[in-house]
Amino acid sequence: MDKKLYEAYIKILEEELVPAMGCTEPIAIAYGAALARETLGSLPKKVIISASGNIIKNVKSVVVPNTGGLRGIPAAAAAGVVAGKAEKKLEVLADITSKEVEEISAYLKAAAFEVKTVESGCVFDIIVELQGEGHQCSVRIQGHHTNVVYVEKDGEVLLDKDYAEGQEGERTDRSLLSVEEIIRFADQVEISHVEKVIQRQIDYNTAIAQEGLSGKWGAGIGKILLLSYGNSVHNRAKAMAAAGSDARMNGCDMPVVINSGSGNQGMTASLPVIVYGEDMKVSRETLIRALVVSNLVTIHLKSGIGTLSAYCGAISAGCGAGAGITYLYGGRFKEIAHTIVNALAINSGVVCDGAKASCAAKIASAVEAGTLGMKMYQFGSEFYGGDGIVASGIEETIENVSQLARDGMRETDKKIIDIMIRNQGKEKQKEDPLHIL
């Protein structure tokens, strides 16, 4: 394998597979707020958060960890201002004490909070402005969760970086990824070059999935799968991934290793492969190589779509999981390519209506599509080029899905956000939306 490509793939894994605590969009707001608080140097009396529609969508309904069950943008910002540690980035809220939880709630009541929609054309856009004691500051994050592009205090610009939608910035070029090269890389990579990031993913994501199964979190999708459909490896793969999301979407403060900026995607890409690997009793080396496949395939599929869209990112990760499981069974390019195409044909078009408890069920569906895509090819069945969005080659099919998600679903995304904002304030109906109980 080309040395530069080999090194780029290692860097992509290192850039993507990082720990995060809680849903990454509220954590990004908390990170921006913590950085702004450090810049201001005092506790602000007013907090203004301007965010793109996709950020609002993903923060509205999810529990912010270490806040005593608080939800939403003001809660995420308050947690960052009061107790966040900006140097920890996506683990900005990891060290909050019980006393600070009380302080966050008190600050939410004492300070003025304002939330605005920013129309910059950037799908991922957060501006946190703090005001107090005659001073003000602002921090802007664009493109991805820790990409700070602007910092200003009292009119003095402290940081100003150019950013254009779709730019990778300082990150490694994701367009270097292809399914064929991903498999070649997985076969050839020195395990010592990737084992740190992969083993951390195994440890963190397995731990939170086990917590999701043992504790009472969200809708309990992982538990329900096991209670309903038994202990087969196929069902356990879905249940573990769903259970991790059960916990994470509902305030569990355990960290996960993310993929493509998402903990849900990180768990979907990894946990089913881990479950199958354990069931098959494969070597640690084989499991690591399979996880390299699943993670890089997920990143490849997501990079053409973008960090946030109307297209559920778990679908891409479910395809990645299917690819990784196929690798465990000895499949290589031909088998993995067919698995991905089959899975994309089955589930593409599932919408993202924000981070919340039901993400766990979508994850189960994504894993089902990934494993069904694999089984189809094992039994001599496949979808063909010309069947809907399926093209004659794997990369062409991936590009078709990217166009569908990135361009075709743009109006869908706007409508989803419009519906969610319109329904704001009706949360009490969550217990029984149809009023029939």
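Reader: Which residue in β5 stands opposite L130?

Author: In this predicted model, the residue of β5 facing L130 is C137.

Reader: How do β4 and β5 pair, parallel or antiparallel?

Author: Strand β4, residues 125-132, and strand β5, residues 135-142, are antiparallel, and their pairing runs over 8 bridges.

Reader: What holds paired strands together in general?

Author: Strands of a sheet pair through backbone hydrogen bonds.

Reader: What is the order of the strands in the sheet?

Author: The sheet is open and has 6 strands, ordered β3-β2-β4-β5-β6-β7, with mixed pairing. Strands β3 (112-117) and β7 (156-160) are at the edges; each has a single partner strand, so one side of each lacks a neighbour in the sheet. From one strand to the next, the twist averages 10 degrees.

Reader: Which strands does helix α2 touch?

Author: Helix α2, residues 24-40, packs on the sheet and touches β4, β5, β6 (148-153) and β7. The direction of α2 makes about 145 degrees with that of β5.

Reader: And which strands does helix α4 touch?

Author: Helix α4, residues 73-83, also packs on the sheet, where β2 (46-51), β3 and β4 are touched. The angle between the directions of α4 and β3 is about 125 degrees.

Reader: A change of topic: where is E170 found?

Author: E170 lies in the loop between β7 and α6 (179-188).

Reader: Does E170 count as buried or exposed, and why?

Author: E170 counts as exposed because its relative accessibility is 72%, and the cut-off for exposed is over 50%.

Reader: What separation is there between the C-alpha atoms of E170 and N147?

Author: These C-alpha atoms of E170 and N147 are separated by 9.3 Å, and the two residues are 23 residues apart along the chain.

Definitions and conventions
Residues numbered from 1 in each chain as written. Predicted model: local features only at pLDDT ≥ 70, side-chain atom pairs only at ≥ 80, totals over all residues. Heavy atoms only, no water. Pairing = 2+ DSSP bridges. Helix = DSSP H or I, 4+ residues; strand = E, 2+ residues; numbered from the N terminus. Axes fitted to C-alpha atoms, helices over the stretch in contact; angles between N-to-C directions. Contact = heavy atoms within 4.5 Å. Buried < 20%, exposed > 50% of the residue type's maximum accessible area, 1.4 Å probe, protein only.
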